[in-house]
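The sequence and the model are shown first.

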Amino acid sequence: MAVSLYQIAVDAHDLKGQAAFWARVLGWRVVYEALDEVVIGADERALPGIVFLPVPEVKSRKNRLHLDLAPDDQAAEVDRLLGLGARRVDVGQGDDVSWVVLADPEGNEFCVLTPKRTLVD
């Protein structure tokens with residue numbers, strides 16, 4: 001049986017706001033929008049996508065799953081993301097790490113890594 005990653009589901013209060021933030025972060029666009037979900041992707045045919053789904057509760061702890069971004073220039077990307085509405089957060093990573101931990105406008109943590117070209121470097 002073959003399987004592929006279709007989309008990543010993210011719980012949100014402001015579906016449109018979260019979708020707009022992450023579309024700007026990734027250089028993607030909104031490819032589908034309804035009252036109960038907003039989907040972003042590189043285009044309608046590119047997989048995977050990210051779907052934002054409504055939830056009534058607020059985020060209360062550190063994420064169990066997060067995204068890692070690998071830009072060409074970590075410092076410049078962190079500055080860009082802060083300008084888009086991200087904020088720095090401390091999840092216990094300490095001061096002597098090579099990645100920067102940020103949170104999106106609803107508090108979902110993600111990491112900005114140093115440049116990467118493969119899954120093992």
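Helices (H or I, at least four residues) and strands (E, at least two) are taken as DSSP runs and numbered from the N terminus. The model is predicted, so local features need pLDDT of at least 70 and side-chain atom pairs pLDDT 80 or more, while totals for chains, interfaces and linings use all residues. Residue numbers start from 1 along each chain as its sequence is written, and side-chain values use heavy atoms, without hydrogens and water.

A pocket here is an open set of points on a 1 Å grid over the protein atoms alone, where a 1.4 Å probe fits, with protein on both sides within 12 Å along at least five of seven lines; lining residues have an atom within 4 Å of a point. The largest pocket has a volume of about 600 Å³, volume being the space filled by probe spheres set on the points. Its lining has 26 residues, and Val10, Asp11, Lys59, Asn63 and Asn108 are the closest to its centre. Strand 1 gives the largest share of this lining, five residues. The lining divides into 12 nonpolar, five polar and nine charged residues, where Asp, Glu, Lys and Arg count as charged, Ala, Val, Leu, Ile, Met, Phe, Trp, Tyr, Cys and Pro as nonpolar, and the others, Gly among them, as polar.

| Strand | Residues |
|---|---|
| Strand 1 | 7-12 |
| Strand 4 | 49-54 |
| Strand 8 | 109-112 |

Asparagine 108 sits in the loop between strand 7 and strand 8. Its relative accessible area is 16%, which means buried (under 20%, with a 1.4 Å probe and protein chains only). Beyond four places in sequence, asparagine 108 is in contact (heavy atoms within 4.5 Å) with Val10, Asp11, Gln18, Lys59, Asn63, Leu102 and Ala103.

Helix 1 covers residues 15-26, and its buried residues include Gln18 and Trp22. Just after helix 1, glycine 27 has a positive phi of about 70 degrees. Elsewhere, the peptide bond from leucine 47 to proline 48 is cis, with omega near -5 degrees; proline 48 belongs to the loop between strand 3 and strand 4.

Technical notes: Buried < 20%, exposed > 50% of the residue type's maximum accessible area, 1.4 Å probe, protein only.
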